[in-house]
Amino acid sequence: MAKKQEGNRTISQLDKTIPTSQRVIAWPRMGNIDLSMEALVSAIGAKIVMPPPNNKEALEIGVKNSIEGICLPYKLNLANYIMALEKGANTLMMFQAPGSCRFGNYTKMAQKTLKDMGYEFDMCVFDMYQSKMKQTLKAFWHVSHCWNPYRYYKGFSTGFNKAFAIDTAERLMFYIRPRELNKGDAERCYKKWYKIIHDTTSLFGCKKLKKQVIEDFRKIPIDENKMVPKVYLLGEFFVLLDPYTNKEIEKTLGELGVEVERQIFFSDWLEHVLQPSFLYKKESHRERCVRYAEKYMKRAIGGETIETIGDTVYAAQNGIDGVIHIMPFSCMPEIVSQNILTKVSKEEDIPVMTLVLDEQTGKAGYQTRIEAFVDLVKRKKMKNMQNT
Ligand code: SF4
């Protein structure tokens with residue numbers, strides 16, 4: 001396997017022996033990221049194989065082939081690769097970011113494990129924090145050798161528009177679910193739009209999706225006057241975006257009558273990471289977090305720690321009723337957050353609950369803790385309303 005160096009860093013572990021026409025591409029599952037990736041990769045003419053969505057079988061495969069202490073997202077990523085390779089993939093794509101946690105080593109560890117298991121493949125790694133769009137274009141050119149700029153334009157445009165549309169649908173579902181008059185309307189509408197967004201391939205069609213999603217969700221009858229507490233959901237990136245790993249926490253909260261505001265969406269991240277900074281005019285989510293976290297943290301220390309702290313302070317100062325912090329077991333940055341959050345919760349006077357997830361986490365105990373927290377948040381909100 002050839003290694004290509006650019007400057008003093010390895011940008012991809014590129015295997016040029018696989019002819020472009022025979023490449024079959026896969027990437028790890030994580031929330032709705034597939035909608036955008038599929039749009040982009042198909043637009044540039046590459047073949048795709050999708051591993052099944054994360055589930056019990058994937059978790060078992062990941063646990064069996066990983067070292068015990070490694071974090072849960074790695075185990076599922078590894079399982080996704082194994083399941084995709086078994087289905088015929090020969091090119092694995094992976095985002096990478098340097099930093100002070102294990103994420104910087106995911107690709108090297110996965111590569112070694114998969115080679116030791118006897119798989120033949122090319123791993124195409126792109127570090128989006130280094131040169132953003134340039135890294136991304138290089139990676140996609142490597143797997144497709146597509147020279148047609150229109151195809152890239154179509155891929156990025158449809159991919160971005162799909163990400164914005166599905167994230168809008170999710171946000172609206174979080175708002176409507178605790179207020180809907182007919183149980184299940186919001187979820188049915190979301191599922192309907194997921195399929196439409198997935199099946200839409202034209203440039204023009206994708207551009208209209210977000211507006212159509214908003215118009216359709218607005219038709220759902222809701223109780224505008226219902227007392228609905230609002231809770232911020234924050235923590236580690238993967239567990240926030242992956243419904244299997246977080247046991248559909250947004251649905252549980254919505255059904256308990258709580259509006260959830262998840263602090264990380266793939267489209268926000270895409271917009272911020274891929275867009276050149278001179279085009280990004282507004283204050284980014286991360287910049288806001290750095291500003292609000294200042295009293296408790298002077299600098300980012302990796303993972304989503306600064307976002308976790310900054311968002312909690314912001315929540316407390318902006319009338320949010322509570323914060324749920326979710327993290328994988330042994331997540332290094334979020335263990336730091338968990339410790340700081342105790343102080344933030346006390347000083348900023350906001351209820352905070354941390355939920356730690358691993359392969360042993362059972363649904364029943366998890367649900368009970370969420371229900372107890374929701375009770376606390378509702379009582380606090382009622383008390384505040386009586387006092388005003
Ligand atoms: S942020 Fe946490 S869970 Fe994610 S890679 Fe780093 S240590 Fe693992």
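Two strands count as paired when DSSP finds at least two bridges between them. With that in mind, meet a four-strand open sheet in the order β4-β3-β5-β6, where the pairing is parallel. The structure is a predicted model, in which local features need pLDDT of at least 70 and side-chain atom pairs count only at pLDDT 80 or more, while totals for chains, interfaces and linings use all residues. Residues are numbered from 1 along each chain as its sequence is written.

**The whole chain**
- The chain has 16 helices and ten strands; helices (H or I, at least four residues) and strands (E, at least two) are DSSP runs, numbered from the N terminus.
- The radius of gyration, taken over C-alpha atoms, is 21 Å. This is close to the 21 Å that the globule rule (2.2 Å times the number of residues to the power 0.38) gives for 388 residues, so the chain is as compact as a globular protein of that length.
- Along the principal axes, the C-alpha atoms fill a box of roughly 70 × 45 × 45 Å.
- Of the 388 residues, 44% are buried. A residue is buried if 20 or more other C-beta atoms lie within 10 Å of its own, exposed if 12 or fewer, and partly exposed in between, with C-beta atoms placed from the backbone.
- Among contacts (C-beta atoms, placed from the backbone, within 7 Å) with a separation of 6 or more, 73% join residues 24 or more positions apart.

**The domains**
- An automatic or database domain assignment supplies the bounds, giving domain 1 (13–145), domain 2 (149–176 + 179–226) and domain 3 (228–388).
- The C-alpha centres of domain 1 and domain 2 are 27 Å apart.
- Eight residues of domain 1 are in contact with twelve residues of domain 2.
- The side of domain 1 that touches domain 2 has five nonpolar, three polar and no charged residues. Here Ala, Val, Leu, Ile, Met, Phe, Trp, Tyr, Cys and Pro count as nonpolar, Asp, Glu, Lys and Arg as charged, and the others, Gly among them, as polar.

**The sheet and strand β5**
- β4 (47–48) and β6 stand at the edges with a single partner strand each, so one side of each has no neighbour in the sheet.
- Six of the six residues of β5 (residues 91–96) are buried, so this strand is largely enclosed by the rest of the structure.
- In a regular strand the side chains alternate between the two faces of the sheet.
- In β5, Thr91, Met93 and Phe95 point one way, while Leu92, Met94 and Gln96 point the other way.
- β5 pairs with β3 (residues 24–26) over two bridges and with β6 (residues 122–127) over six bridges.
- Leu92 stands opposite Ala26, and its bridge partner in β6 is Met123.
- Met93 stands opposite Cys124 in β6.

**Around the ligand**
- There are 13 residues around the ligand, and Cys71, Cys101, Phe103, Gly303 and Cys331 come nearest; a residue is near a molecule if its C-beta atom, placed from the backbone, lies within 6 Å of it.
- By class, this shell has nine nonpolar, one polar and three charged residues.
- Domain 1 and domain 3 each supply at least three residues of the shell.
- Helix α15 (residues 332–348) gives the largest share, three residues.

**A look at Ile249**
- Ile249 is found in helix α11 (residues 249–255) and is buried, with 23 other C-beta atoms within 10 Å.
- Not counting residues up to four places away in sequence, Ile249 touches Leu233 and Ile326.
- Ile249 and Phe103 are 146 residues apart along the chain, and their C-alpha atoms are separated by 24 Å.

Definitions and conventions
Contact = placed C-beta atoms within 7 Å.
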